[in-house]
Structure formats: structure tokens, C-alpha cells
Amino acid sequence: MRAPDSAGPHGPGDAEVPLDASSPVGRLAATVERLRREVVAAQAEAEGRALIELAKGILVERLRCGPAQAARQLTELAEQAKVTPLEFAVEVINQAARDKMSEVTEAFLAATSSTAEPAGESPAVRLRAAESGALAADDAQAVADSLLEQALRPLGAVAVAIWAAAPDGSLTLAGSAGFSAVEAARWRYVPPDVATVARRGLTERAGYWITSLAHTGLPSIGRHHHPDGGRVALPAGTGGRLHGVLEIAWPDPLGPQPQRIVRQVEALAELCAHTLETYTQLAGTGQEPRLLPDAAELMDLADGLHDPALVLVPHLDDLGHLVDFRIQHVNDRFLDPAGRPRAVVNGALLLETYPMAAGESELFQRLERVYATGEPFRAQRMNLTALVDQVPLSAVADISVSRHGSSVLLLWRIEDEAARLASLLQHAQRLGRIGGFEENLLTGEITWNGQLFDLYGRSPSSPPVPLEELPAHAHPDDTGAIRRFLRTLLHRRRSASTAFRLQRPDGVTRHIRVVAEPVLDTDGRLFAVRGAYQDISAQHWTEVALAATRDQLAHTEQQATERNRLTLQLQHAIMPPTQAPLKVPDLQVAVRYRPAETEQLVGGDWYDAVVLPSGMVLLCVGDVAGHGIEAATSMVVLRNALRGLAVTGAGPGQLLAWLNMVAHHLTGAVTATAVCGLYDPARHTLRWARAGHLPPVLVRAAEATPLPLVKGLLLGAVPEAVYEEREVQLAAGDTLLMYTDGLIERRDRSVEESLSHLLTTARTVPRTLDQQLDRLLTYSRSDTDDDTCLVGIRVG
């Protein structure tokens, strides 16, 4: 809070402008200022005179003297104490009253005794003057004006609102000060369940303190005038009953307040409660106040109820706080759990008679809340063992608590377990679309429940359909099944069930399942049949839809299997697992192809090893992105295109550049990786290039190393690309390996780790090249079930 402004009569922050007393305007302004000071002084004198007169009355009663002698005694004692008569009068009132206002004053003076007294009237005088003004006011509006001017402006507050709480939870603005008339009119009435600052103050018994309105999303009166200001909303109640809320506004953010200030504001809220106690729910609407029934009328009301009821009145302690409720009356429907007569219960305290009410389901707290706010409380299936004698010790009841005047009516209805189970059964039948029946075969009497009439599409006033007439109401194709059902039930006297199509009078056909059992007498003769019908139309159509879905899935699976079979046939026709050896002097060539283990993962891996017309040997491996027949056909296109392009005698870099154009323009823009090499048998050299593929591995003298990477983009990514070439000189005994990633790829390892394992395995050189390729496939750690192509050459 900020300290009160002492800028003079012009108001806080106003700068005094010297007036020319000789001018007409100056003389008029001086006259107005003089009259204003006289009015303020007169008001202060009137308020002080009321306090002094009250102190005189206290001295007359205490000293057993007359009014004149009491006045002289007051003046003399004030002179001896070196205080003004008004301040001494307030001290006399505090000593005599010993109320909350005097306690607040003592605490405030004790906290400020070590510091200099601020200029102006003391807190005691201000609080008693505010109390005097509030008690003398004829409405809540005057109380708001008095509180703001006498007690709250010195604390830095700029506005105050007094809210009256109605039993329905609504709030009515009983009085306000510091807010504009337009703003007050906008906030005249707040409906129930609307969250505002004032309502938070009503629900939080310790009050609701807000540092700044900007920190909360709750609306409040005057919010747009002081959006960053602090707010306090305190419940205004007496005797455990809340009558409304006192809301105070500050222009600036509000920090933590000393305890003396908190207690002073709480005392003002209690002062408002006495005023709101006489404020009716319909104040300001132009209607007459509603007369609430007293305890006698409430007792008559309770006696007319068919449920147990208690009429409770508040029981207060010496300080006026609610500590219990006294049982004013119990009706004749009430049965005491301990067997005590109603005469003993009447007049007793609730918690002394039924101590379990303090903790069970917060019953006593609910009673306190209803009495404090007037808002009724309703609850279903609430445990109420404190007031009900029931075995087992668990009673479930529907509770109703309401306040009428100063009394509280508590009533409950014990839930009938049998009725509850019957209700549950009825709901289950309705949700399951089940209708029950019973047919007496001796008397012909038939009993249907309401749900069965709905299933048949018949009016409840129409006669039920006997079982023997059931075929007439069913689809002709279901007659045989119904007759077998009736023969089993009526002649063999065994339980039976069947499903049929019911043709209703409204033309609707429903799929029904009927289940029935025979009822035999003591002599074993059949005399009745009982059972149930269930509408299974939704289940039937669901099964039809599922069957159609299964057929469609089976057809789709068959198509996929056929598609994969054709893909495998195409791939195996072009890419056999092995190839006939090439006849090249001083050179061994071997190839391996391992198809995917999963048919759905048939891919586009390919290899090729062929002797060109020039005597050069074309060696290549490649991998088309994707799986399925599209990948396989794209592989065929690229493999055959590379064979045809190689006849031109171009180098591997140029071949890959042309193959990139084929992949981009002539195959539906597929992408692929590849390694292409041309081996010269005469010079024992290999020229090679790569398109986004792993480099070949050279095995020499029990060491395996990958060839250095050369630049080359994967095939089909761009319309035109340039591929770098490298040449490697091979010696006798050298082995060169080309492979696709299906040989090394793992889900849980990086490419570098998988390649390192391949190099370790390749260092072991078996006697023949075929054995070496088979060993690489055997010890491969790949776990992706992808195709694998492997080409190896060994210089002889």
C-alpha cells in the first residue's frame, strides 16, 4: 500500500496555483475553498461529537454521575493524558467495548509505538469514526462512502465495493465508492457461477489478496481504470454466516501487508457484515424483500415431508463464532441409529449426538458452507452412516441441505437397493436392446416388458404375440429354424435359442435372437416359458461388413502374392544366383546373388560381368531404390542400358553419365546407386567410377582396404551429372570385390562399423574365388533382409 497523500485540500498530487484575490474569479475560488473547509470541519466535528457523546455515556454508567460531570471528567482526563478529547473518547470506547475494532487499534498502536506518529488523526480515531459513520448510515452506499473516506484512503485505497450475497450464489452491488456511476451500474448484478474477484473472496474464508489485477484473468469492477492495481476481497460475515464481500482497490501493485493492516481490513469487513445483514436479496430491484420462514415454519415443513429431516439452528461460542448446530427438530420419519427417542435428540448439539458427522463425507463442512453462503447443497449417493441405522454399516443416500432464514434444513432419502438394481437392469436391457417375456401355457397369460414392445414395433396397449404365432411374424425363410426352436423348447422341454428376421408392422425388418427356457411344476409338467429377445441387427450387419472386408483382404493378399511371385520370376530370370564363369586369360570372375528372405522386400539389386567386343571386361553392381515389381523392372532397364552403352567403348565415368540420363528421363525418374568398372586384361588395370555407391574393396597380401572414394552423384537425381574416374593397378593374387549394401547393412550399426566387419572377413583368402564369395555371404551380419549382389575378380 502507498502512504496517504498530504497534498492539501486540492487532492493528492494537485499543484496549488496562486490565485489573484483581487479578481472576481479569485474571490469566487477563495469563497468556495473556505466553504469546502467548513463543510469538512463540520463533518469531522459531527463524527467526533458522536464519539465524544458515546464516551460520556460510558462514563455516566461507570462513574454513576450526571452528563455534565462526565463531560468535565472527560476534559480533565484528556488534559492529564495530553491528548485531545476526541482521542481520549475513543480510548474510553475501546476499553469499554473490547471488540475487534479495539483489538485492531491496540495492535496497530503497539506496532507504531517505536516510530513517529504520522500526521493527522490516529488509527483509533479513524476506525471509530468510520464505524460511527457506518452505523449512522441508512444504506450500504453510505457505509461504502464512510469506509473509503475515514479508514481506507489513509491506507492508499482509491475505491471500495460492498457486495451482498444471495442464497442462489449471485452477487449484488449493495454500495460502492471511488468507482464511477457508469461502472457501478454495469456491475450492479453478477449471476451465479460467474468467476470474479469478489466471488473468490466469498469462497476463500481467509480472503483473496491480489498483488496486481494484471496477474489474474478474473474480471472485477473498475478493472480498466487500474489494471495494474492491487485488490483485496474479504468475506463479510457474522456468527459463521456470510452476508457478502468487501472489495478494496488500490491504484498500484499491492505488496505483502503487515499483520496489523490485515486485521484492520478484516475488522472493516465485519463492520460491513452488520450492514449487509439487513440488506435483502432483492435490494435495488424495486421489489419487496422476500420473507424467509423462521424455525417454527421450517419445523412444520419438515413434518410434512416423507423423508427423514432435521431442522438445525446455529450454535455460537462467546466470540460469536459458529462451533456447532443445535438440532431444533426432527420429523417422525427420522430413526436414531442408537435407538434414542426423538425427544432426546431434539435440542441436542449435532456433533455431540452424532460425532461421525464431523468427518464423514464432509457433512458438517457442507452444513457450515450452506449456512454461511445460503447456497443450497445437493448430492447423490453420498455415504451417510452417521445418521442412518443400516446393516451393513454403509448407507447411501441422496442429500439436500438448504438455509431458510437463520435455520438449516437437512433431509435425505435412502436409496432402495432393490429399486436401484431394477433400474440398472432396466438400463442394461435398454442399452442391449433386450426385451423379456413370460408366457403361462395353462392360462395363456403373456407378460412383456416395455422394451419388447419397442422391439416388435407394437403399442404397449396391443396384445403380446404368443410363441406359437412367432413364425407368422418372421421372414418365411426362417420358419424352419423357428419351428426347431419351438420343438426343442415345448416338446423336449429344454432351453433353446435361435436367430430370425422379425418383420414388424411398420415394414422394418430386424435381426432378432430369442433365448427361452421351460418352467416346470413340482410334478415335472411344463406350465410356463420365460425368456428374452435381443435385437442383433447391428451385430449382424457388422458381421456382414467384416465378412466382406475379409474377402477383400483375402483377394488383396492373393493379388500381392501373385505380384511378388511374378517379380521373383522376373528377377531370377535376369539375375541367377550364380553365373557361368568368364573365360579371360589370367583372370577369375565370380558373381553371387542372394534374394531377399521376405517376398514383400523383393528389390532392384543387380550385377553384371561380361566380356566386351574390345576384349575389356565390364564389371558392375547397382541398387534401385524401393521394392516390388517397379524396382525390378527399373533394374532390368538400367542393367540392359549399361550393357548396350558399354559397347561404345566409353569409359566408366561416361557410362554412368549416360546411365544417369536414362534413369532420370526414361524410367519414371527412379533413383539408384551403382559401381562400374572396366578391366584391361593386357595391362591388369581397372578403371572405375561410382554413383553414390560404396567403393570396391581390394584384398592384397592378407589386407583388405576400400578403394579411395571418387565423386559421383546417385543415378536419376539430376538431369545431368559428371562422374570422376580412378584407375587401380592389380597384381597377381589380388582380389577385387564389388557389392550392394544388402551384404553389410544393419539396423543397429553404422555403415562404418559394418564395413569394418566386412574388411575383417575379407582378409581371409580361401583357395578359390568362389569359396571366398560364399564365405562373405555366410558371415554377413546384415539384418535388413534386403537383396545382395556380389561380384569378385582375382588376378591369376
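A: Accessible areas come from the Shrake-Rupley method with a 1.4 Å probe, and for residues only the protein chains shown count as cover. Here the accessible surface of the chain comes to about 40500 Å², with 54% of it belonging to carbon and sulfur atoms. This is a predicted model, in which local features need pLDDT of at least 70 and side-chain atom pairs count only at pLDDT 80 or more, while totals for chains, interfaces and linings use all residues. Residues are numbered from 1 along each chain as its sequence is written, and side-chain values use heavy atoms, with hydrogens and water left out.

Q: How many helices and strands does the chain have?

A: Helices (H or I, at least four residues) and strands (E, at least two) are DSSP runs, numbered from the N terminus. By that rule the chain has 21 helices and 26 strands.

Q: In what order do the five strands of the open sheet follow one another?

A: Two strands pair if DSSP finds at least two bridges between them. The order in this open sheet is S8-S7-S11-S10-S9, with antiparallel pairing, and its edge strands, each paired on one side only, are S8 (322-330) and S9 (377-383). Axes are lines fitted to C-alpha atoms, for helices over the stretch in contact, and angles run from 0 to 180 degrees between N-to-C directions; with direction ignored, neighbouring strands of this sheet are turned by 30 degrees against each other on average. Strand S7 (residues 309-316) is joined to S8 by seven bridges, and Val313 has Arg326 in S8 as its bridge partner.

Q: Which helix packs on the sheet?

A: Contact means heavy atoms within 4.5 Å. Helix H13 (residues 363-373) touches S7, S8, S9, S10 (396-404) and S11 (407-414), and its direction makes about 90 degrees with that of S8. Buried means under 20% relative accessible area, exposed over 50%, and partly exposed in between (1.4 Å probe, protein chains only); the buried residues of H13 include Leu363, Phe364, Leu367 and Val370. Just after H13, Gly374 takes a positive phi of about 85 degrees.

Q: Which strands pair with S12?

A: Strand S12 (residues 434-440) pairs in the antiparallel sense with S16 (residues 526-535) over seven bridges, where Asn440 has Ala528 as its partner. S12 also pairs with S13 (residues 446-448) over three antiparallel bridges, and these two strands form a hairpin with five residues between them, where Gly444 in the turn has a positive phi of about 80 degrees.
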